[in-house]
Amino acid sequence: MIVVLAIGFWAGLALKIGIMAAIVPVVALPIIFAELKLSAHMQHRIGPYFAGGRYGWAQPLADGLKFFQKEDLVPDAADKMVYKLAPYLVLGAAMAVFVVIPFGPDLIGRDLDLGVFYALAISSISTIGVLIAGWSSGNKYSLIGGLRAAAQLIAYELPLFLAVVGVVIQAQTMSMIGIIDAQAEYQLFGLEIAGNAIAIPYVFPQFIGFVIFYIAALAELSRTPFDMPIAESELVMGYLTEYSGFRFAVFFIGEYIGIFTMSAIMATLWLGGYDPLFFDLSGLNDIAANAIGALVLFGKVAILVFLMIWMRWTFPRFREDQLQDLAWRILIPLGLANIAVTAFFKVVF
Amino acid sequence: MTTRNMIPGLAKGMWITLKTLFKRVPTVQYPLEKEIPVPRARGVIALDTEACTVCMLCSRECPDWCIYIEGHKEEQPPSKPGGRPRTRATLDRFDIDYALCMYCGICVEVCPFDALFWSPEFEYSEYGISEMLHDKDRLTDWLATVPDPPALES
Amino acid sequence: MQTLDPAAMAHISEVSVSVELQTSDMTLNIGPQHPSTHGVLRLVAKVDGERVRSVEPVIGYMHRGYEKLAEVRTYPQITALVNRIDWVSGFANEIPFIVAAERLMGLEVPERAQYIRLILTEMARISSHLIFMSSYPLEIGAATPLMHALRERERVLDLLESVTGGRFHPNFNRLGGVKPAAGAGAQTKKVVQDLPQGFLQDTKAAMVKMFEICDDLEGLVTGNEIFQARTVGIGVMPADRAAAFGVSGPNLRASGPDFDLRKHTDYLPYDKFEFEIPIGRNGDCFDRYQVRLEEIRQSASIINQAIDTIPSGPLQAKVPKIIKVPAGEIYVRAENPKGEMGYHLISDGGRVPYRLKIRSASFSNLSVLPWLLEDQLVPDLIAILGSLDFVLGDVDR
């Protein structure tokens, strides 16, 4: 990555975009596979089995190819241009978050000073994509699904931001790398803990914030128990009802990339990101540090994604009003209290 | 809303799914491995042409009339020299249309001469609906697959 | 500055709110093809946002005309037809019809045959309730109980198949008993169809599994707070209202009355067994779910008792070769998994019934829908719809 930085801004940017465009869908595939396989075994099934050999590892690829072959249906009543645009908006928003996710000390698209702010702001754009998908489909189920999605995503944007504020106060920076460095500082509110032996990730001091963010992220991603926008038993497939073929695949990949980026943000803000926590990366050379950092991040993301999949295949879904209840009556007051407490400790110590 | 005591019930459910995750899966991978159907399973009807006397009972009793039988009488030489020549019914056509059959088993049951049997074989799907009509020869072929009846509980 | 008194302020705000929300209702066609209408039910729902103003069920997409068909089919043929009415509990559908015909003919059914009927009926009940246990959480949004419940149902269906030869459509009842000696020929491959060897032990083992899956479902679904939030207090059906609509079976018992035909009539020897009738208190979706879960346990315990006490003896009463039912009229009702199922059989003495009126449980249970679904939310509509546990074949016949 040092090389990339050395060849100039525009060339480096082009290279980074190229790498991202190649990596990003690849990131979604293992998550899709994990979902297929884990859900199957939780339900006492085998799941994918034949595609690609013994364990069906090629099932996501095969599904993707299948989507390519299918007809791209556009309903007669649809607002055609908007309808066609919507999936790319969702995918684009999900991919743009990658810019600020640090995979290693140097493996970051751009270490923005407002990194966290950027990530959350840009991921909100997918809400608009979902809303216009539901609106333009010309289908009543899609419309209800799209409106539900909009209501839900707007309601959960707030706890999402409030949860992050606690971390930002504690780290005194919005830069993703800065937050990771702050977590590696072996201290808590200025107090040295355990004699500089272990770093304390923010999941411990900011546990409430972490839980709030996790719940809000589930809602933001429309995962069970908050999957009302696509609630299959009620709205057939919600805002996705009319989509088929490639456009559906784009939505699908966008959804799983969203899972990855949300988990990566969570891992960065609360679990120390690429930092392995029990030893220092700065002692290693650049390539080793970046490689180990990326692996550590993927490991942390895997834990969070597993938890998401596990919850999805255990829980039923809430009702729309209960979801709003949870956001406005519980998560948001809790998030505000969390900010107040964090600020108090920050000022006192 | 019952967000109070949120943890216990939810955690219990998650414990059950986690337990299941590590259990051995009972799935039978069908084309590779096969379950052996029980002997009484009503899979396909086998015909013993030797026993059939073209009495048409099965055809008549079938609730959706999916059995087609044609036959004719044949003069048989007398069994003893000087006796009267006998007539014997010969089966020309015995078709069962499995596209219509509802697998009730009434034909097997009403057959007075034990010419029809249930076989548990089930792999005879076809691409065309007209091919679901099994003729005499095909029905006779199934006879080899008829299992012995299971031992009984007394 | 002008001051307004609080009452007037409240009034103004109310008016403005109601004016603001004055939107035209949207007609939403739920079904006939929809993931959670259990077949081809169509609900014409007038919705205002998420709020359902009124619902009109449209049925008949699966009308197969069994009542008319029965008028041109002989009695043995009708048993093959009627177990297709409610296909998730095929065996239980045969019982009231066959009992009705037997009573008209004055047949005395051997005790062993009655016990076999009872065991298999309870198995049909378990399999039907396990379908509910799988589909209902799915409607609430949990996909995993589906597979767990269906896995256990497979054990019951395997046992049913090993006895009757059919998983869904057993066609095992005959007038005067259960499947008789078939054929008079010399071949030996057809013998008296008693229970296959090992059936009783296998059933005992399977019933242990039934208790286990009930515990699993309790942990996975019943105790789940989200499930409770979705079902407790939703779709409350008071007992008198339920009775007025002719609701029967677990749906009625969830509202309070312990009305179970297994206790009140004698179509099968249920009086020989100890079992409880689970009842609910509030008549909401959760109670309807809970009653069914408990009924699985009760059925399993009935089966266990029946296996312990099953007598030996003949399986078939003496029946003439050509079955003609004497002229007469009879109504026999039975407690099916879905509720009360009755056959009103009128015979003019011929080989076919003169008229067969079928009272199916799901049809009456469905009739409460427009009342029950009024002013509910769309997600609750699905939750209530699923909790009534109907099968469209049973509704349309």
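## Terms and basis

A residue is called buried when its relative accessible area is under 20%, exposed when that area is over 50%, and partly exposed in between, with a 1.4 Å probe and protein chains only. By this rule Tyr136(C), with a relative accessible area of 0%, is buried.

The model is a predicted one, in which local features need pLDDT of at least 70 and side-chain atom pairs count only at pLDDT 80 or more, while totals for chains, interfaces and linings use all residues. Residues are numbered from 1 along each chain as its sequence is written, chains are lettered from A in the order in which they are written, and side-chain values use heavy atoms, with hydrogens and water left out.

## Chains B and C

Counting contact as heavy atoms within 4.5 Å, 42 residues of chain B meet 51 residues of chain C. The buried area, that is, the accessible area (1.4 Å probe) that two parts lose on being put together, summed over both, is about 3800 Å² here, and carbon and sulfur atoms give 52% of that area.

Between chain B and chain C there are 2 salt bridges, a salt bridge being a side-chain nitrogen of Lys or Arg within 4 Å of a carboxyl oxygen of Asp or Glu. One of them joins Glu109(B) to Arg174(C), at 2.4 Å from N to O. On the side of chain B that touches chain C, the residues divide into 24 nonpolar, 7 polar and 11 charged, where Ala, Val, Leu, Ile, Met, Phe, Trp, Tyr, Cys and Pro count as nonpolar, Asp, Glu, Lys and Arg as charged, and the others, Gly among them, as polar.

## Chains A and C

The contact between chain A and chain C takes 25 residues from chain A and 32 residues from chain C, and buries about 2500 Å², with 60% from carbon and sulfur atoms. On the chain A side, Ser233(A), Pro316(A) and Arg319(A) lose the most area to chain C, together 24% of what that side buries.

The count of salt bridges between these two chains is 1; Arg319(A) pairs with Asp380(C), and their closest N and O atoms are 3.1 Å apart.

## Aromatic pairs

Rings of Phe, Tyr and Trp (its six-membered ring) pair if their centres lie within 6.5 Å, and planes under 30 degrees apart count as stacked, over 60 as edge-to-face and the rest as tilted. Over all chains there are 32 such aromatic pairs, including the stacked pair of Phe132(C) and Tyr136(C), at 5.2 Å centre to centre with 10° between the planes. Phe132(C) is buried as well, at 0% relative accessibility.
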